[in-house]
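Hi there,

Here is the structure I promised to pass on.

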Amino acid sequence: MSHLPDALIADAFSSRRELRQELRRRRRALSPAQRRQADRALCQRLQQLPELKRARRVALYLPNDGEIDPRPLIPWLERRGVNVYLPVLKPLSANSLWFVHYHPGTPMRRNRFGIPEPETRHGAHRARRLATWALDLILLPLVGFDDDGQRMGMGGGFYDRSLAFTRRSGPRPILMGLAHDCQRVNRLPAEPWDIPLDAIVSDIRVVRPVRGTSRTH
């Protein structure tokens, strides 16, 4: 059995802000070769998951700030006839997202954070936008995670606001967080606004929270 890296000790940091900074530093410190290897391992792991095999409408993200890269998954999804969606910052709204259909020829622009996203300024996105509840699966980036399935985001609350409806009954997508395994910590306290995930996937493991516990494999 290959050695799994030890989790970062969260108690060594006096605040979530300091912990977030350290986890971002860790992922940015990975070499290009380490990133490529992790990206391949992540996507191979994702391809084995039944949720990915069943999904027909999948949202993912374009990596930024050292985030693990799900883009190698796109050709595999397209060969399976899956529609791929990307998050777009919702204009005139406080820190929330739309999800817009994406293909290799989609016109793109950079948002205020410098991240490419489908062009939406001229209204053409409306026919390509899908209600978030109608997605089958959303793959979202994480800053940190633990073996109980708790997660830490960038702190802007974009996904928490956009996915708040999943706390209510009704249709909802499966939510999977993606991260480098070096972003794993020994424990993360849950915040009231955190949206629970169905699974967290790294280049090394899958964590599936179950009724206050978790299964890691």
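E117 has a relative accessibility of 3%, under the 20% cut-off, so this glutamate counts as buried. Please keep in mind that the model is a predicted one. E117 sits in strand 5, which covers residues 116–118.

Y85 is another residue worth a click. It belongs to strand 2, residues 83–89, and with a relative accessibility of 7% it is buried as well, because the cut-off is 20%. Which residues does Y85 touch, beyond those up to four places away in sequence? The list is R57, V58, A59, L60, F99, V100, H101, Y102, R128, L130 and L135.

The largest nonpolar core holds 47 residues, and the members that touch the most others are L46, L52, L77, I138, L139 and M176. Taking L46 as an example, and ignoring neighbours within four places in sequence, its contacts are L52, L73, L139, M176, L178 and V201. There is also a second, separate core of seven residues, with L19, M152, V185 and L188 among them.

Helix 1 runs over residues 16–28, and its 13 residues span 18 Å from first to last C-alpha, close to the expected 18 Å. Its buried residues are L19, R20, E22, L23 and R27. Viewed down the helix axis, these buried residues fall within an arc of 165°, so they line one face of helix 1. Among the elements covering them are helix 2 (32–47), strand 7 (144–145) and strand 8 (151–152).

Last, the pockets. How much space lies in the largest pocket? The value is about 680 Å³. Its lining is made up of 29 residues, and those nearest the centre are E67, P141, M154, F158 and Y159. Helix 1, strand 2, strand 5, strand 8 and helix 5 (158–162) each give two or more residues to that lining. Strand 2 supplies the largest share, with four residues.

Best wishes

Technical notes: Residues are numbered from 1 along each chain as its sequence is written. This is a predicted model: local features need pLDDT of at least 70, side-chain atom pairs count only at pLDDT 80 or more; totals for chains, interfaces and linings use all residues. Side-chain values use heavy atoms; hydrogens and water are left out. A nonpolar core is a set of buried Ala, Val, Leu, Ile, Met, Phe, Trp, Tyr and Cys residues joined through side-chain atoms within 4.5 Å. Buried means under 20% relative accessible area, exposed over 50%, partly exposed in between (1.4 Å probe, protein chains only). Contact means heavy atoms within 4.5 Å. The expected span of a helix is 1.5 Å times one less than its number of residues. The arc is that of the directions from the helix axis to the C-beta atoms. On a 1 Å grid over the protein atoms alone, a cavity is a set of points where a 1.4 Å probe fits but cannot get out, and a pocket is an open set with protein on both sides within 12 Å along at least five of seven lines; lining residues have an atom within 4 Å of a point. Grid points are joined across faces, edges and corners, and a volume is the space filled by probe spheres set on the points.
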